[in-house]
Structures are given as structure tokens and as C-alpha cells.
Amino acid sequence: MNNGHPASSTLPVRRTRWLMGLFVLCGLLFASLVMAAEPIGKLIVAAGKIEARAADGSIRPLRRQAEIFNGDTLITGGNVFAQIRFKDGALVALRPDTEFTIEDYRFDGAEDGTERAIFKLIKGGFRTITGAIGHKNKENYQVSTPVATIGIRGTHYGVRQVTPELAAESQRQGGENLRPGLYGGVVDGEIAVGNAGGEQTFGNDRYFFVANAQTPPESLIEPPGVVFDEDQPTGEEEQTEEGGDGPPAAEGEQTEEQAAEEQAAEETGGETTGGEAQQDTAASEAGEGDAAATGTNGDGIAADGGGAGTGTDAGGDTGTGAGSDTGADAPLTFPSTLTPTGSLDSVLTLTTSDTSGSTTSVFASNQALSDKEVIASSFTRAPNGAGTVIGFIDNDGSKWELITAILRDNGTDAHSIYFDTGTSGNVRVKQATTQGKNESNVVQTHTFSFGTASLVEGGLHSASGASWGRWSGDFTVTTDGVNNDPITDLHYVYAGSQASQSAISGASSRAEPIVIYDRIDAASTTPTDVNGNTGSYEYFIIGVNFATQKLVGYEIKAKFGNAIYTVELKNDLDLSEVLGDRSAELTGTCTGCGGNAASVTLTGDGSIMFIDDALTYLGAGFAVRDSNSQHGFTGAAILQSKSTRTVEVNAAANAVAHLAFVTSDSAGYKREVHGLRQDGTNDQIKIATVNTIGNVVVEATENLNAATNRTVFESTRADLTDTGGNSVGVNWGRWQDGWNAQISGVGTGSAGHAHFIYSDKRSTSTPALSLATFNRIAGTSPTDEKGNVANSVSASMNVDLLGMTVTAFNLNVGFTNTTGRSWSLSKSAATSTIALSSVPMAQVALTGTCTGCATSTVVGNATVDLIGTNAEYAISGFGASTGSNAEQVVGTMLMQR
């Protein structure tokens, strides 16, 4: 997250890109002492000072176009970014504080098996688009790091070694919660990461972490910010090549002519040499049937779905590069200019002039601006098709008005966006006009202008190419020409382009058309309430059913001190409506608002826009308030698809599912443990394939035909985690956020996670054994009423398979890593019968103790079913609670005989 204020300057805006799609391979030899060696690459971008330590230990400073040699160790300083182009067309971008050794590099222009690229990351991090080496002979490319070795199966990936010092510093600054080790991710292609603990392959949009050289790689759900952030150098200018008639600029400085040349070169994808701009040209085709890349990443890298092309520069050098970059960092042009009018000690007005000569006022500050602020107030018109979603609350005089909207710039003043570019290429939306519908479904025109307001937080999310931010201070809002009084900060997400309608409607034919989107921590504004307080999210998820083309979920939970806001979608909404700027209707409650013990009813509006045609990312903005206009909050975020699922279908006859979860209402917490069987007459279990996991429980109904004691569980918008399965057709997992349950027709509040275990292989016969012992071998990790995850669990069960009774059941669960609680339970004296017919499975009563709980005595229950052709396995759901119901534990497990 970028919390700084973007700097302003009278010079042309310069954008330093971490990795650029196309660069020229040309330059001067460094010095006579290395002339005899064959150069293997060149330094094409250097933002600050960089050194090369040769194999003989000698050190030489590098400037742009300096040649790189075999055996060099490249060393970047604290604020230094550097990019190297190798002979095979590969690009490597080095982060600050990095040491990167070229141990063995060979390439004579042919992929004949003699080519080789062996690198070593000593410390720091890099991102790369690989070239010809490794494309055909993959074993000839390798990168070693302190904890793992990387081999490639594709083109574009990044890694960073996090030291204990960097992890501690991130925690001190309230940033990403890091562990020391290697973080990485793949943008395009595939890599293999391995060490003494094992090897794992990661493909597109997969991320990983390696703790040490003995621990196998582990998958991460979200992109690690330390690898894919947009850090920029501070205090040092980007190096430029010496050239022209005059003396060269001092190190780290630019002449105005060089700055102008460089910006022109950047905007055409080239770089400056001797005062002349040269440009790589990408081939229109990409390898192996992929379309040419037209990525939207702000760092110049081809986005997902883009391919690599072959470029030839003006000097005749040929290399492999990414396709054309059309991201938020690309030049934005529109036939209009903005001119400040008025004196410096009066109200400032900006007007736009189009090609016809007409002028329209688009901005009016309500305070006098300084000379510096006047200069900084120039705007860029967004390209046709750009979009932004917003969220805030204002006062229209009679009540608080919820403002959420989606805006597309369509080239007219009625639908327009103006912005400037802040730190790290973040697009700061500075004025927008949109037509939206209010709560009475009446079209209104809103204009937002930011006079002396400050962008207090914001950033550019490079993977999606979208920007986000939050304006606070003195800005104005006009609705149908009437000034309103904003009472909250204004939150926004901006994208230079949006998903096409054909991509959205075409998603209805996907094999997994239901998508759950989750908020990206590093790409969302901090929620703010009507009193100016900032809060924090527990979750923010959105569900879309592309099969039915509907928005099916909009779930938010946020905390502001003791006040907890919980919001959900009131009714499903057609995507055509919500994308046509009809706000989704939200409903919910706030507990603890204003110090009140009773909950306050909330209503709200939410908007979304799809950012890319792959439908991987969406932007969302919302506003929520109570009916008395006393409480409310707003926010905006970029969300990423986190899980997908097929359309729900009825489970097979005789399938079984065990559920365990904790509900929460005014009376406190309550465990729910349920066992269900699909009896072939009533459909009590619905299943779907989630991501690549097999059939999982997504909906379950107990006592389908009975109104009393009927339990309905739904996981439509929840996020699936802690999943697994085995060869006999058992699947398990935990649903996090967005799940709900109804008991006897009354909705229950959810607490923590909901566990399930499912199988369609229920035993129909058993061996003749009077004593069969089952031990836990797998299952979900138990959780408590707060969602804390247990770090230890063990269980055993004795079953008399002749009498079909459970004779013993022992369970131990520990939370020593979080709450310090330790649960110990065993079966009480009551007989528990297991039936092989369609009647309910065994119900086991449990009693025991909880060390660390407010009340030590606990009670619980478990359900049991036998699985497999010879009752080799058993599945169980369990739960326990203290007498006061203040503490709870639930889980599911697979046991083996």
C-alpha cells in the first residue's frame, strides 16, 4: 500500500517501469580491460548506481548501455532498480539491495543444446521474462537461491528473498505480514521450485513461499507484495545515456533535452541514444499459437493471455520481448487540453478545450490555491472506455445520500474522467461526471471535483493495471447541478479499460462459471465511517454466477473500534443492470454503533466493474448507512478471483455429508454438528467442483420436509480453504466468510469457519469384528468461535462392527499457538449406534475439559459414518462448547481402521 502523497513537478511526468516490454540492444563498450571478453548482455535501465563485481574480484560502476560479462555479480544499492537485456532476448529486472551472479551464460544464437543460463540470487529479488535459453532445452536454465533452485517451463516470473530484518521492518511499518524466506510468483508460463524438501511446479497466477532449504515450497493464495509491488527509487534520478554535443549530465542527473527525449522514448517503447529515440517493434504473432501480447500491466509486462513477440531495434539487434503494453502506465491521449484560469489569490477554475474550440468548466476549487498547487492541477483526459467505481456518503439536506457508481468515459462531457499520475504511476482520479440511479431508481448526474483535498492513500496494482485511492479533505460533489455536502472520504478504483461485454456474456459457457472474488489487501482503501474514523476489514468478497449472468454476493465485514458492520447482498442482480450503473442493494447490521448494545439495521449500495477480459479482477465501491443517518461507512477495493466452482447438482443417492460450524446471535455462540444422507427421495445435499477439488458440499438441508428443527446450510459466496480428499471418494474443507445457515426458518449469524466432510462411498457391509479401532489420519483443522485455527488434533474411535455400536471416542484439540486453549473430550456412557440403512448415522455424546477456557467443563457431540466397501474408513463431524457457550470448537475428520 502506498500511503505517501504523490509529488508534483513542473517537469514532464517521468514513469520508471520495473520491467519494460521492449528495449533496444545497442551501446558502447565499457572499458579496454573487458574488451577482449565477449559481452553477454547490456544494462538498459539503471535508476541509480549499480556495480558489477567481475570473476577476478574487480569492481566497476555501470551506466546505461554498459556491457555485462560472464561471471559478473551485479550489485544494486538501497534505492536502485536495474534492468538487463541478455543476448537471448531475456529481460531481468533487479530490485534494490540485490546481488545477482551470472555463473555460466552461453548463447551463440542457436538452441542446439550448448546454450546455458545459470544464475545465482545471493540476496534481494528480481523479475524476469526469459528468452530463448530454456525455451527448448529447459534443463539449461537454472537460478539458485539461498533456499531453493528454480527451473523454468515458461517465460515470466519473479522472486524475492526476504531477510529477517526486512520481515521485521515490514511489521514495524504495518505492512505485509512476512516470514523470512523466498517469495515468488508466475505471471506467464511455468516454473519448478525445488530443494531438499521436495519440488513443486507453479503455473500462471500461482504464488509460493519457501521458508528454508529443507522445507518444501508452499502455495500462497494472493500475490506477495514484496515481489509484485511497485516500489520506486527515491532521491536518485534514472540514469540516461551520454550523448549530444554538450557535456554529459552528472551522474544521476538529466538535462531538460535528455528528459524530454527519454519521455518520448518511453511513450513509444524505446530508449534514447545520442539524442535519437530508437524503438523496438514487436512482432504481431506470438509463439505456440498465443495471440500477441496486449497486456494491461502498468509495469510494461505482457498481461495474462498475452504472448511474447520478437523485436528488432533500429540498430539491427534482435531479441524477444513482450507485446504492446496498454496498461495504466501507457500514454493516455485525448483531443482536449486543460488550462488554468483565474488569479493565484482567488478561486481557481480549469476549463477544457476540444477540437471544435468549445470550452467547458470541469473543475472549480472552493479555496484559493498556491502557485505550486496551480501548476500541479493539470489533468489528463482518460481514454475512451476507461472506468472508475466510487463510494462515499454526502448530505443532501434531508438525509444522507449513498453515492456509489460505475463510470465509463465514452468521450462525452456527460461521462468523463480526468486524472493526473501520482507516485508509482498511480492514477489519481481528480474529476468525474457520471449518471447513476438513486434509491428511487431515478437517473441523477453527479460531478466530483477535488479542490484542495489530499489523496491520503492510493496505489497502482500492477497485475491488473488498475489504480485505487481515497480522497480526504475539501472536495465538492454536485448532483444535478446542486452542491452536496460530503461527510465521508471518497474512495475509488480506476482502470484504463474494462472487460468487454462479449467476455462477460461468454463466461456463461465456462466449465466453472461461478466465481468468488476476494479483496486484495494491498489494493484497497482503508474503510472510513461518517465520523472520519478509519476501520479494518475482516472480509470483503463478491460472488458472480456467470452461468446465470447474475451478481449473487456482496459480503463485507468491517470493524471500527467496538462497532462491527456486517453487510450482504439483499437480492441477486442481473449483471447487465449492475454494470449499467444500477447499484446493488445491500442490507446488514451494525453492532456496537454509537455504544449501543442492540444492533442497528443498515442499508447500502454497491457497484462493481470488471477490469480485464479474463475476468480475473474487478473493482468495487460501496456506501452503507442506517435509516436515521447516524452511522455509516464507505470503501473501495480491487478484488481477485479466488475460487471457482461448477454449477451445483444433487449428490448421488446414499451420499453422506457431515457439517460442523458455530452460529452467533444475541444469546451467544452455539455449535452445530449435523450428519446428512442423500436418501434418494429427497435431495438433501448439493455438490459442486470448487477449483480443482472434487465434489464438495455447497448446500445441505436436514429434515427437508419438516418445518421444525429444519437446518439449511448454504456456502454460495464463501471461500473454500483447508481442502483435501482421498482415493475412496472422501472430500473435506472449510468454508470461510459468506456462508450462512437457517435453523427452523430463522437465519443464524456465522462465527468462524464452517467445516464439511463428504463421501459418496458409504459402507453397505462390514467385516465381522467385535473391536475395530479407527484413528484420525486427515480432515479439516478445527477452529473456534473466533475463527482461530488449531495447531494440533488427534482422535481415535473403537467400534463393535458386530453390534454396530461406537464403544469409545477420544478427541484432543490444541490452540497453543493462538488462544492457548486445549480441549480433551471422550465418549459418555450412552450407546451410539451406527446404521447402514438410510436412517441417521451415529450420534456420539462427548464430555470433557478445556484448559484455558473461562469454564473448564465442556460438553460436545460427534457424528460418525463408515466409508468404503469394507468399512476401512470412517468420517466424523464434531463440536464442543463450555457451559457458558462463550468458547466453542468444531471440525471434521477422516479416520482409518
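Predicted model: local features only at pLDDT ≥ 70, side-chain atom pairs only at ≥ 80, totals over all residues.
A residue counts as buried when its relative accessible area is under 20%.

First, a word on confidence. The protein has a mean pLDDT of 74, with 72% of its residues at 70 or more.

Now to the rings. Searching the whole structure turns up 21 aromatic pairs. One of them joins Y183 and F209: the pair is tilted because the ring planes meet at 50°, with the centres 4.6 Å apart. Y183 belongs to strand 13 (residues 181–188) and F209 to strand 16 (residues 206–210), so this pair links distant parts of the chain, 26 residues apart.

Another pair, F560 with F633, is edge-to-face, at 5.8 Å between centres and 65° between planes. Since F560 sits in strand 39 (residues 550–560) and F633 in strand 45 (residues 632–645), the pair ties together parts 73 residues apart in sequence.

| Residue | Relative accessibility | Counts as |
|---|---|---|
| Y183 | 5% | buried |
| F209 | 0% | buried |
| F560 | 9% | buried |
| F633 | 0% | buried |

Elsewhere, F86, F100, Y105, F119, F126, Y141 and Y157 make up one aromatic cluster. Finally, R510 lies over the face of F546, 5.5 Å from the ring centre.

Notes
Residues numbered from 1 in each chain as written. Heavy atoms only, no water. pLDDT = per-residue confidence, 0-100. Phe/Tyr/Trp six-rings, centres within 6.5 Å; stacked < 30°, edge-to-face > 60°. Helix = DSSP H or I, 4+ residues; strand = E, 2+ residues; numbered from the N terminus. Buried < 20%, exposed > 50% of the residue type's maximum accessible area, 1.4 Å probe, protein only. Lys NZ or Arg CZ within 6 Å of the ring centre and 35° of its normal.
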